[in-house]
Amino acid sequence: MSNSVGAQTGPAPAPMTHRQVLEAMTGLLAALFTALLSTTIVSTALPTIIGDLEGSQTAYAWVITTALLANAASTPIWGKFADLFNKKLLVQSAIVIFVIGSVIAGFASNVPILLAARVVQGIGMGGLTALVVAIIGSIVSPRERGRYSGYMGAVMAVSMSGGPILGGVIVDSPLGWRWCFFVCVPLAVIALVLLQRTLRLPTERKEGVSIDWLGAALLTAGVSVLLIWVSFAGKANYYEWFSRESAWYVGSGVLLLLATVLVESRAKSPIIPLSIVTERTTGLAIIASIAVGVGMFGSTTFLGQYFQTSRGYSPTMAGVLTIPLVLGMLVASTGSGQLITRFGKWKSFVVIGGGLLVVGFGLLSTIDHATDLWLVGTYIAIVGLGVGMMMQNLVLAVQNTVSVHNIGAASSSVAFFRTFGGAIGVSVLGSVLATRVSELSAKGFAELGVPAGSSGGGSLNLHGLPAPIVTVVRAAYGDATGRIFLIAAGAAVVALLAVAVLPNRPLRTTIDLDPEPETKDSASQGDPTDPLDAELAAFADAGWDREQMGEGAEPVLSEATSGGLVDGSVRREDGQELAGAVLTLIDRGGRQVARASSDADGGYAINAPTAGGYVLIVSASGHQPTAVEVSVGRRPQRVDLTLVGSGEVSGVVRTADHGSPLPGATVTVTDLRGEVIGAAVTGGDGTYACHGVVSGVYTLVAAAEHMRPSAITLSVPASGVLRQDIELSATAVLTGSAHADDGNPVPNALVSVLDAAGAVTATARTDENGRYVVADLHEGQYTVIARGYPPVRDQVTVSGPEVVHDVRLAYEPAAETVRSRS
């Protein structure tokens, strides 16, 4: 039950420049923003929606669960599509599907129609979840991917913070809750236009790949049956946790999941590749992702309900109160992404994130209907920090272990299990919340002498209930919410344990993995006519220590057919060709077997005497040498290398007035593209040194506190070494107050500062206390004119970091009083 797709494998992907990546990501992030905003808009509107459609607490949970389940079930399929078809067309299709679901939801007249629409939305969201991550993974190396994952996390944070507020405003406005679904349509059109203009990707198809529809159907069915069981077990008018019906549901669900594993193990192209998910890093990341999904989706879903149903806030205020959660995600996601890119270390961030999740959910388990809001805000901010550090970085860790051709399946697998965990969390925690609310409500009603209702989930429409009943229900929801966060804390502990034992593999600097052989024996059993067999066998024999190799090389197999050749190009870090670089090829014993140099265009070619494993060493004047492992077989190997400069720009930063060394100044060197090449802080003697430069033109910027920044253009010679001293001019702050004769401050008086030539340098107005501040003045003589009463003109000498000059305004016979102060 699979549809085969035959196509040719495309060439290995070439690295993209930073600008090309940002252009490609513009449309991707716009599409992701549209879907996420449309989803988060609904979060604060759900209590109103369910109340208007006369749904129950169980219906509330299933509105979320259906979307997450459809998202989870479709994510691996979209990921497989990404390995077969044009990713740009797939992303656009996912947007259209999501918009269709949103429109249907906007016109829903009852809960069943709304649930069907949420399924359609979930399918579209699953496509965006899998494809955006897969595309980023196919165009950016893992080492650099942290930076771009941070951008994606920032977009997610903005949409998640703005969505609840916008949704609340829409619900509270005359438009009504239906426009929470309709508002995404114009945003989707903009995203489609941006994608069409900015995303340019070749269509890369594998040969003989099929889509495992049977596995997807069995997986979805098994998960759905178990979630249905969890949602209704223990509810009045349904069935008990331990009953014949429960046994039937659990048995059916487990059998369907076992059938899924059987089908996946035999499928030609499984929807969840067992070889990928059973790899240690991927497996542990999946366990952590399930726990993160339980905590993140399962608990945060009910935050909006807590603020509205329990605390009585409007949908708009409920959205505002969830901002600390999203701010935490924004700070942690972007911050950790930038730091990972800079240092190449990722594990500490996910471990810290797991710890923060445990602490945050543990603290949230203590809240009730009367907890101070500043405490709730602090607790959810901690949760946001934990989620931000873990969510994208877990995907990064997995992508680092698979080849570029499997990134779609690996990324979608992690996203699938995270969303799967979220569906479980929403369903389980929703069931726990409904049961606990029923218990607390019944207790409260008994104290009032009111018979308890028999509804399983309880109605969320509180507008028509008497005030004493509303008070009981609000208190019940508030007091019951802490229990679901306690369960989420348990899930977070599982996530922390999983990430703690993740293998701490260094992030590779190439987009794809280095060529990996099977083993020497397995290679020898292959087709002897295959031109790759000798290459793979030789690679297996090489046994080089990879950690001692340089990180500047990006190996890509060429399509030529001659043997014994290694060729490519040598470039500087700024992308310019490097001529005259010396390349040496050595064998396993350290003996030189070949030598060559790069041409004027940076190209080179070097011949190996026999097939086997070698080390290619490259060096050039003014650059740090590097080495890369190569495997030479019957097909030539193309290896493009990048050398980092070994030169430095150094000097002394001094003050312009006295020529004294200036400690603590920051010196930055940028190239013509604006990229920072080096930075340093001056020592006690004012000296600095920025390393890693090569010959070329740069911009040198120096800045220090109370000093005016200075920028100059440098031309670094071929040696890469240049000494450049910098002088910074001191700046001062002129401050003071304006008072009348009676001693009272004069507000809103205009204070003008003129230089020696009479030109106006700066102006300021006094505040309500008569105070004024004029910053960034050079030392020297100035004229200060204060107006508001008859103007007063004073001569002021500016010297030192701060000068205080008070002005006395009064009506006098003369129109203007001139005084001299220094």
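**Overall picture and confidence**

The model is predicted. Its protein chain contains 20 helices and 27 strands. Of the 822 residues in the chain, 53% are buried. Among contacts in the protein chain with a separation of 6 or more, 72% join residues 24 or more positions apart. The accessible surface of the chain amounts to about 34,700 Å², and carbon and sulfur atoms account for 59% of that surface.

The mean pLDDT of the chain is 75, with 78% of the residues at 70 or more. Residues 1–14 have a pLDDT that stays under 50, and the model gives this stretch 36 contacts beyond four places in sequence. Residues 813–822 likewise have a pLDDT below 50, with 23 contacts beyond near neighbours in sequence. Where pLDDT is low, predicted coordinates should not be read in detail.

In soluble globular proteins, nonpolar side chains tend to be buried together. In this model, the largest nonpolar core comprises 130 residues, and Ile49, Val91, Ile95 and Phe361 have the most contacts inside it. Helix H1 (residues 18–52) supplies the largest share of this core, namely 17 residues. With neighbours within four places in sequence set aside, isoleucine 49 is in contact with Val42, Leu114, Trp177 and Phe181.

**Aromatic pairs**

A pair of aromatic rings is described by the distance of the centres and the angle of the planes. The model has six aromatic pairs.

Tryptophan 179 and phenylalanine 182 are separated by about one helical turn, because they stand three residues apart in helix H6 (residues 179–182). Phenylalanine 182 has a relative accessible area of 15% and so counts as buried. In the second pair, tyrosine 306 and phenylalanine 307 are both buried.

**Helix H12**

Helix H12 (residues 303–310) is mostly covered, with eight of its eight residues buried. The buried residues of H12 are Leu303, Gly304, Gln305, Tyr306, Phe307, Gln308, Thr309 and Ser310. Just after H12, glycine 312 adopts a positive phi of about 80°.

**Serine 289 in helix H11**

Serine 289 is located in helix H11 (residues 280–300). Is serine 289 buried or exposed? Serine 289 is buried, because its relative accessible area is 1%, below the 20% cut-off for burial. The side chain of serine 289 reaches the backbone oxygen of alanine 285 at 2.8 Å. Apart from neighbours within four places in sequence, serine 289 is in contact with Leu394, Val414, Phe417 and Arg418.

Notes. Residues numbered from 1 in each chain as written. Heavy atoms only, no water. Helix = DSSP H or I, 4+ residues; strand = E, 2+ residues; numbered from the N terminus. Buried < 20%, exposed > 50% of the residue type's maximum accessible area, 1.4 Å probe, protein only. Contact = heavy atoms within 4.5 Å. Areas by Shrake-Rupley, 256 points an atom, 1.4 Å probe, with all protein chains shown as cover. Polar contact = N/O pair within 3.5 Å; in protein donor to acceptor, adjacent residues only side chain to side chain. Phe/Tyr/Trp six-rings, centres within 6.5 Å; stacked < 30°, edge-to-face > 60°. Core = buried A, V, L, I, M, F, W, Y, C linked by side-chain atoms within 4.5 Å. pLDDT = per-residue confidence, 0-100.
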